[in-house]
Amino acid sequence: ARRSRLIQALPKAELHLHIEGSLEPELMVALAARNGIDIPFASVEEVRRAYAFSNLQDFLDIYYQGMGVLRVERDFFDLTMAYLERANADTVRHVEIFFDPQGHTGRGIAFGTAIGGILRGLEEGKARFGISYRLIMCFLRHLDEESALATLAEAEPWLDRIDGVGLDSSERGHPPGKFARVFARARELGLKLVAHAGEEGPPGYVWEALDILKVDRIDHGNRALEDRRLVERIVAEKRTLTVCPLSNLKLCVIDAMGQSPVRHMLDLGIRVTINSDDPAYFGGYVNANFIAVAEALDLSEDQIATLAVNSFAGSFLPEAEKAEHI
Ligand code: HPA
Ligand code: ZN
């Protein structure tokens, strides 16, 4: 109970959140009705029952299906506002959220419809809750690099409102090196760079993300712990890892919360952070992730506070703004 009170009270940043993964079944059903879309579920309960995954791909299949109810700008706005209300309730003061433009353009929804609604939500959240934000556009790694390059070109009119690019979707068989050119181009454009690596993929994918893509942060990074030299590098370079405990459990990256690498990462001196990834699918927002991992690993109050400090330290806020939160 003391832990829960501390976690609730601590100001936090969330650095690994797919906005499409915050689509709660209630909103999915409501948007399906509003847009006249048939979904293969009769009720909210039935949607929730479908959320049993044995790996990343199992989840992704349902995640791409779920985002099909997002059609018009207002849908993306409502989605973003619903997330920010939950984040605000969890004392999150800063968010750096992902969106998957190819998940929308690939089904005929304009880039501007998605990003326009998300940005309007982020601005409203800033005005209403005081939550600052960054927006990170992710490329789907199961698609080819040409598609990612075309997406970056499509984003050009919006580049003053996009802070970074990321890499997500099916990791196995899609190493970071496949996206060398598009990340080089994003870097030339002055964008921040992140990539999912070492969630299911091997430590070699984390090396590639650092060496070839030159990312600032690693999303997940669990499997980095298998390689001592890689750990040394991550510590020496103060690389942030955005770990997602409930996601790891639901996607069978770990078999029990007691296997979460968070405590080990803290002990190694890695700048590890706690995030919710796709909270509507994995069963909890950021505080639920903190509580689950703190209980299972018996984290001290100092360790919990360090995780919250790390979330600001690892953010893309300017140093002066980080200091205001720490
Ligand atoms: N991993 C990879 N791709 C994703 C994820 C994830 O956890 N969530 C949404 N897209
Ligand atoms: Zn993710």
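**Figure 1. Buried residues of helix α7 in the predicted model.** In α7, the buried positions (a residue is buried if 20 or more other C-beta atoms, placed from the backbone, lie within 10 Å of its own) are A114, I115, G117, I118, L119, G121, L122 and G125. The elements that cover these residues include α5 (73-89), β2 (92-99), α6 (101-105) and β3 (132-140), helices (H or I, at least four residues) and strands (E, at least two) being DSSP runs numbered from the N terminus. This is a predicted model, in which local features need pLDDT of at least 70 and side-chain atom pairs count only at pLDDT 80 or more, while totals for chains, interfaces and linings use all residues. Residues are numbered from 1 along each chain as its sequence is written, and chains are lettered from A and ligands numbered from 1 in the order in which they are written.

**Figure 2. Length and end of helix α7.** After α7 comes G130, whose phi is positive, near 75°.

Figure 3. E199 is placed in the loop between β5 (192-197) and α10 (203-211), and counts as buried because it has 24 C-beta neighbours inside 10 Å. Apart from neighbours within four places in sequence, E199 has contacts (C-beta atoms, placed from the backbone, within 7 Å) with L56, E171, H220, N222 and V253.

Notes:
Buried ≥ 20, exposed ≤ 12 C-beta atoms within 10 Å, placed from the backbone. Contact = placed C-beta atoms within 7 Å.
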